[in-house]
Amino acid sequence: FSGLTEFFDGAVGYPVRYDRVPARNEIYECGHWSEADDADVIATLRAVAADPATADRLGAAAAARAKRFTWKASGRALAAVLREHGILA
């Protein structure tokens with residue numbers, strides 16, 4: 001949920017409804033995370049199975065978008081933020 005929004009949306013995949021809930025399990029007991037709506041996940045999987053051409057189109061769009069997320073691009077973006085905050089000259 002939150003971090004994924006940097007690269008994922010309906011143009012490259014199938015967003016599903018979710019609830020924001022406290023993060024609590026054997027490992028985490030802080031903050032929040034998303035809990036997917038099971039009925040929406042099932043409906044989305046059925047839609048994918050019923051329309052493979054759309055799944056193919058979204059997959060191709062996702063692959064094209066992923067090519068922009070290189071180490072070089074990430075390093076440049078990080079350096080820009082560090083410069084903006086005076087941490088890097």
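The accessible surface of the chain comes to about 7200 Å². Carbon and sulfur atoms account for 59% of that area. Accessible areas come from the Shrake-Rupley method with a 1.4 Å probe, and for residues only the protein chains shown count as cover. The model is predicted: local features need pLDDT of at least 70, side-chain atom pairs count only at pLDDT 80 or more, and totals for chains, interfaces and linings use all residues. Residues are numbered from 1 along each chain as its sequence is written, and side-chain values use heavy atoms, with hydrogens and water left out.

Buried residues make up 11% of the 89 residues. Here buried means under 20% relative accessible area, exposed means over 50%, and partly exposed lies in between (1.4 Å probe, protein chains only).

The chain holds 3 helices and 2 strands. Both kinds of element are DSSP runs, numbered from the N terminus: helices are H or I with at least four residues, strands are E with at least two. From the N terminus on, the order is β-β-α-α-α. The chain is more spread out than a compact globule, because its radius of gyration is 18 Å, well over the 12 Å that the globule rule gives for 89 residues. The radius is taken over C-alpha atoms, and the rule is 2.2 Å times the number of residues to the power 0.38. Along its principal axes the C-alpha trace spans about 55 × 35 × 20 Å.

Contacts were then examined by sequence separation. Contact means heavy atoms within 4.5 Å. Among contacts between residues at least 6 apart in sequence, 43% join residues at least 24 apart.

The chain carries 11 positive and 12 negative side chains. Lys and Arg count as positive, Asp and Glu as negative; His and the chain ends are not counted. The centres of the two sets lie 12 Å apart, with each charge placed at NZ of Lys, CZ of Arg, CG of Asp or CD of Glu. A search of the whole structure finds 2 salt bridges. A salt bridge is a side-chain nitrogen of Lys or Arg within 4 Å of a carboxyl oxygen of Asp or Glu.

R65 lies in helix α2 (residues 52–66) and D9 in the segment before β1 (18–24), so the pair ties together parts 56 residues apart in sequence. R65 is buried, at 17% relative accessible area. D9 is partly exposed, at 33%. Leaving aside neighbours within four places in sequence, R65 is in contact with F7, F8, D9, A11 and V12.

R17 forms a salt bridge with D40, and here the closest N and O atoms are 3.6 Å apart. This pair also links distant parts of the chain: R17 sits in the segment before β1, D40 in helix α1 (residues 38–50), 23 residues apart. R17 is exposed, with a relative accessible area of 53%. D40 is buried, at 12%. Beyond neighbours within four places in sequence, D40 is in contact with P15, V16 and R17.

Helix α1 also contains A43. A43 is partly exposed, at 42% relative accessibility. The C-alpha atoms of A43 and V16 are separated by 9.3 Å, and these two residues are 27 residues apart along the chain.
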